[in-house]
Amino acid sequence: MSRSAEARTTVSGDLGRGPMVPTAFAVSGKRRETADTWTLELEPPAGEGFAFVPGQFTMLSAFGTGEVPISISGDPGAEGTLVHTVRAVGLATQAICDALPGEVLSVRGPFGRAWPVQEIEGADVLIVAGGIGLAPLRPAILALLAGRERHGRLMLIYGARSPDQLLYAAELEEWAARGLTVVVSVDSAGPEWLGHVGVAPQLVRRELADPRALDTGSAVALLCGPEVMMRFAVSALAERGVAADRVYASMERNMQCGIGHCGHCQLGPTLVCRDGPVYRWSELAQWLAIREL
Amino acid sequence: MRELDELIAASPVFAGLSSAHLKTIAGCGINEHRSAGESLFREGSPADRFFLIRTGAVALEVEAPGRGTLVVETFHSGDVVGWSWLFAPYRWQFDGRTIEPTGLVAFDGVCLRGKCEADHELGYQLMKRFASAIVQRLQATRLQLLDVYGHVPVG
């Protein structure tokens with residue numbers, strides 16, 4: 001794959017120091033999303049701003065616990081504050097989630113290629129998110145809604161494990177009020193849950209069966225979630241006429257340097273930190289089919 | 001007012017059937033309206049019907065000792081609920097309950113089984129369509145079993 005084949009927006013991530021030098025950001029706010037997931041607001045040092053484009057990530061660290069790549073989940077229109085939604089699944093992410101307001105985290109970035117928010121103006125857009133995968137899509141959703149009049153129909157299909165695992169529960173309603181059709185489904189629930197129960201790809205198939213939902217012949221899909229879920233979602237999209245060259249997915253691999261030097265996140269001839277994390281599915285499918293990669 | 005055979009022709013599971021077959025199937029169906037929270041069928045009871053949802057939603061549930069009622073899947077407009085009427089021993093395997101006011105076409109499965117026995121082409125066409133729906137749900141169930149949103153410890 002040639003990087004020059006598709007030059008999507010990126011923002012250089014060196015904050016003037018070089019990309020391998022971290023910057024100390026102070027935790028300015030913290031909100032619990034689920035039992036193990038927190039949204040943190042981070043402020044750059046005084047006098048320094050922070051700009052990014054939807055889909056980018058940073059290398060984030062609580063000092064002494066190691067760096068992890070975390071997608072930015074904040075509003076790209078609200079410059080200055082860095083927002084991350086982090087699920088505590090190990091030592092490094094637990095330490096980040098444990099950080100209290102006033103404490104300092106180490107940040108490198110932003111890195112990586114963005115969701116094609118500007119390039120897809122005018123088209124209907126389907127966003128398919130699974131689990132914590134809604135976090136990297138949140139900046140794209142906010143950017144799409146900020147320019148609502150420049151886009152066609154917008155739909156979010158969001159799958160989660162159970163109702164108590166839903167991210168941004170209050171915001172989902174707000175997004176719906178601003179012109180995003182929001183369809184939420186969980187894999188299992190008790191009888192008090194009155195929404196959908198079933199997997200997200202099945203919901204893609206069902207929602208797109210109605211020709212009034214989206215123009216599948218020209219719609220663009222943005223996907224983020226477990227890779228298995230995304231593969232099934234792409235199959236459902238293809239069944240309904242959304243071709244792979246109109247599907248974009250954010251990939252996760254073992255990103256370490258963030259700038260394409262170390263090679264840990266290699267995927268075929270690409271490096272996810274540099275050439276991704278957002279890929280066009282048609283560029284990606286051939287590499288995902290090779291199990292050894 | 002649209003005839004029942006026209007209504008069911010618009011549903012994915014009956015799409016493409018001949019008008020004669022649609023009329024035969026519609027002859028076994030009636031329109032029903034249910035309030036939210038009504039039981040449609042209970043696990044273990046005779047599965048002599050199946051449903052096409054026109055509006056609203058139905059939850060497929062199972063009672064799990066110690067865990068209460070669990071919703072396995074929900075079905076919505078255009079979905080067919082129930083295939084136990086097609087296969088012996090013709091008993092429901094789960095509970096079915098409306099979760100909002102729901103408009104249904106309820107089909108008499110015993111009547112339709114008889115018509116399928118008498119007209120194997122109808123039986124084959126219906127079996128193809130139900131098999132396709134079953135395969136889709138089997139694949140979805142496998143994905144549910146993978147618990148893809150759960151945390152998988154590394155190392």
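1. Start with two packed helices of chain B. Two packed helices are described by the angle between their axes and the distance between the axes. α3(B) and α4(B) pack at about 120°, and their axes are 5 Å apart. That angle makes α3(B) oblique to α4(B). Angles under 35 degrees count as roughly parallel, over 145 as roughly antiparallel, 65 to 115 as roughly perpendicular, and the rest as oblique. Axes are lines fitted to C-alpha atoms, for helices over the stretch in contact, and angles run from 0 to 180 degrees between N-to-C directions. Helices (H or I, at least four residues) and strands (E, at least two) are DSSP runs, numbered from the N terminus.

2. A word on the model. It is predicted: local features need pLDDT of at least 70, side-chain atom pairs count only at pLDDT 80 or more, and totals for chains, interfaces and linings use all residues. Residues are numbered from 1 along each chain as its sequence is written, while chains are lettered from A and ligands numbered from 1 in the order in which they are written.

3. Which residues of α3(B) meet α4(B)? B:Lys115, B:Cys116 and B:Glu117 do, and their counterparts in α4(B) are B:Leu122, B:Gly123 and B:Leu126. Contact here means C-beta atoms, placed from the backbone, within 7 Å. Ala, Val, Leu, Ile, Met, Phe, Trp, Tyr, Cys and Pro count as nonpolar, Asp, Glu, Lys and Arg as charged, and the others, Gly among them, as polar.

4. Now the sheet in chain B. It is open, with 4 strands in the order β1-β8-β3-β6 and antiparallel pairing. Two strands pair if DSSP finds at least two bridges between them. β1 (29–34) and β6 (80–81) of chain B are the edge strands, each pairing on one side only. Strands β3 (residues 49–55) and β8 (residues 102–108) of chain B are joined by 6 bridges. B:Arg49 has B:Asp108 in β8(B) as its bridge partner. Helix α3 (residues 109–118) of chain B lies across β3 and β8 of chain B, at about 45° to β8(B).

5. Next, where the chains touch. Chain B gives 23 residues to the contact and chain A gives 25. On the chain B side, β4 (57–64), β5 (68–76) and α4 (120–146) each give two or more residues. β5(B) supplies the largest share, 8 residues. The chain B side divides into 11 nonpolar, 9 polar and 3 charged residues.

6. Check two cis peptide bonds. One runs from A:Gly109 to A:Pro110, with omega near 15°. A:Pro110 is in strand β6 (residues 104–111) of chain A. The other joins B:Ala88 and B:Pro89, with omega about 10°. B:Pro89 is in the loop between β6 and β7 (95–98) of chain B.

7. Check two positive phi values as well. A:Tyr168 has phi of about 50°, although it is not a glycine. A:Tyr168 lies in the loop between β8 (154–160) and α3 (169–177) of chain A. B:Asp147 has phi near 50° and is found in the segment after α4 of chain B.

8. Finally, chain A as a whole. Chain A has 7 helices and 15 strands. Its C-alpha trace spans about 50 × 45 × 40 Å along its principal axes. Among contacts in chain A between residues at least 6 apart in sequence, 72% join residues at least 24 apart.

Key. Contact = placed C-beta atoms within 7 Å.
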